[in-house]
Amino acid sequence: MSTAIDTDIQVHDPATGELVGRVRPADPDEVDAAVARARAARDGWARTPAAERAGCVRDAAQALRAVAEELARLNETETGRPYDDGLGGVLAAAGTLEQYAELGPVHRGRSLLGSWSATDLMVPEPRGVAAVLTPWNDPVAVAGGLIGAALVTGNTVVHKPSERCPHLGRRFAELVASFLPDGVLEIVDGAGPTGAALAGHADIDVIAHVGSIAAGQAIRQAAAGTGAHVLLENGGNDPLVIDADVDPRWAAEQAALGSYANGGQVCVSVERIYCAAAIAEPFLDALAEEAARWVYRPASTGEKALGPLVDRRHREHVHGHVAAAIADGATVHAGGFLPEGDGAFYPATVLSGLTPAMTILREETFGPVAPVRVVEDFAQGLAEAIDDPHGLAATVLTGSIAHAQHAWRELPVGTVKINSVFGGAPGGAAQPRGTSGTGFGYGPELLDEMTTTKVVHWSPLP
């Protein structure tokens, strides 16, 4: 008889500290059973016409839109994400499911030019069973993309949502699964041990993970023993480089948005800021004013919603980075303290007087913190931005075409944004680099990651 691979998970509302619910993690036998059901359904789902698979996913997207407000409220309750932001994430998931429902049936291979009497093809085929491990910071949108791409290309899925929002993750996955044949989408609850059991399972063919660097490294090691294909989007330490020729107030608005949206708990949040000395003083003044506009209540006139962090454990991590910087001589322009009262709130924070060796510039903080390093000029800021092992994204604010061109060529990251901390055209994709991960995690290219190519050479009998 197997024992549980984790203790019961308790989920607390990060705004009030009240208990939301308890979830019992799957034990090893339950993980095995979920994978076995997905593997049993694999061949039938792969042989289902692509248009029919797409129809199931499209129907799920429509159903998701109908319960979007419910899921946004649940997201707010479990993770503290402001309702409007959470609603946007649910609707983004629905849009992504619809996008993959359109792209799946037209995902195609190639014919090759061989001899006149032969046929040569390169045909995409599903990899098999996909383990999809998703995070808490944008749980529905991320799960929608990874699960949707896996399903339309003919894979079956075992999904483990984050233990920090298990009720939300299960509600979403069960809704999608209700439009699919039995076994095509399985759900298992749990934390790290459950994820490890999935990642190391011999019958998993592809692992898609969005989460921490430590978890991603463990998944790489596990997959090395099983041969599973791995997609990882892990932690980032995204820089913002501000040139001397930009308006400091506008730059402060961009920096605040990048640092404070969703409490700084976005995969591509601004984590470190390099500001040219020529505009540093007005920039810091304006950034402190912007920080004061991000407040602990729903947005109203002149205010921007800043929800709590996901839990107190994460708040300790965020404040630990801030406190260490202050102890080493950083100047506090806004925030930087632990609030009194219930919940896991943390104030929008602005720091300066930083040195390159400080933890707050070297590691991902993932909270509402804007650490500003004042540099001599754009060249120094870019050089220090490049000197980092992460490789998720970066932003450059500049009016110089030459500086922008040099920056996007030199920054060793998957995404470079010029003069906008967020945004991008529909259908875009990116490949994380360094410790931030590997493989395309979204966009049409994700369909390629979820498939493998078979080459067929067909000659007639002599």
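The largest nonpolar core of the structure has 56 residues, and those with the most contacts inside it are Leu64 and Leu151. A nonpolar core is here a set of buried Ala, Val, Leu, Ile, Met, Phe, Trp, Tyr and Cys residues joined through side-chain atoms within 4.5 Å. Buried means under 20% relative accessible area, exposed over 50%, and partly exposed in between, with a 1.4 Å probe and protein chains only. The model is predicted: local features need pLDDT of at least 70 and side-chain atom pairs count only at pLDDT 80 or more, whereas totals for chains, interfaces and linings use all residues. Residues are numbered from 1 along each chain as its sequence is written, and side-chain values use heavy atoms, with hydrogens and water left out.

Helices (H or I, at least four residues) and strands (E, at least two) are DSSP runs, numbered from the N terminus. When neighbours within four places in sequence are left aside, Leu151 is in contact with Trp45, Arg53, Val57, Val157, Val176, Leu180 and Val184; contact means heavy atoms within 4.5 Å. In soluble globular proteins, nonpolar side chains tend to be buried together.

Six strands form an open sheet with mixed pairing, in the order β7-β6-β5-β8-β9-β19. Its edge strands, β7 (185–187) and β19 (437–438), each pair on one side only. Two strands pair if DSSP finds at least two bridges between them. Strand β5 (residues 129–133) runs parallel to strand β8 (residues 206–210), to which four bridges join it; the partner of Ala131 in β8 is Ile207. On pairing with strand β9 (residues 229–233), β8 is again in the parallel sense, over five bridges, and Ala208 has Leu231 as its bridge partner in β9. Five of the five residues of β8 are buried. Val206, Ala208 and Val210 point one way from this strand, while Ile207 and His209 point the other way.

Helix α5 (residues 139–152) lies across β5, β6 (156–160), β7 and β8, and helix α7 (residues 192–199) across β5, β6 and β8. Helix α5 runs at about 160 degrees to β6, and for α7 the angle to β6 is also about 160 degrees. Axes are lines fitted to C-alpha atoms, for helices over the stretch in contact, and angles run from 0 to 180 degrees between N-to-C directions.

A further open sheet has three strands in the order β3-β4-β20, with antiparallel pairing. The edge strands β3 (110–112) and β20 (451–458) each pair on one side only, and the twist averages 25 degrees from one strand to the next. Eight bridges join strand β4 (residues 119–126) to β20, with Val456 of β20 as the bridge partner of Leu121.

Strand β17 (residues 393–397) is largely enclosed by the rest of the structure, because five of its five residues are buried. Ala393, Thr395 and Leu397 lie on one side and Ala394 and Val396 on the other. Strand β10 (residues 239–242) runs parallel to β17 and is joined to it by three bridges; in β17, Val396 is the bridge partner of Val241. Four bridges pair β17 with strand β18 (residues 415–418), also in the parallel sense, and the partner of Thr395 in β18 is Lys417.

A search of the whole structure finds three aromatic pairs. Rings of Phe, Tyr and Trp (its six-membered ring) pair if their centres lie within 6.5 Å; planes under 30 degrees apart count as stacked, over 60 as edge-to-face and the rest as tilted. One of the pairs, Tyr260 with Trp294, is edge-to-face, at 5.9 Å centre to centre and 65 degrees between the planes. This pair links distant parts of the chain, 34 residues apart: Tyr260 is in helix α9 (residues 248–260) and Trp294 in strand β12 (residues 294–295). Tyr260 is buried, at 0% relative accessibility, and so is Trp294, at 10%. Another pair, Tyr296 with Phe345, is tilted, at 4.9 Å centre to centre and 45 degrees between the planes. Tyr296 lies in the loop between β12 and β13 (304–305) and Phe345 in the loop between β14 (331–334) and β15 (349–352), so the pair ties together parts 49 residues apart in sequence. Tyr296 is partly exposed, at 34% relative accessibility, whereas Phe345 is buried, at 18%.
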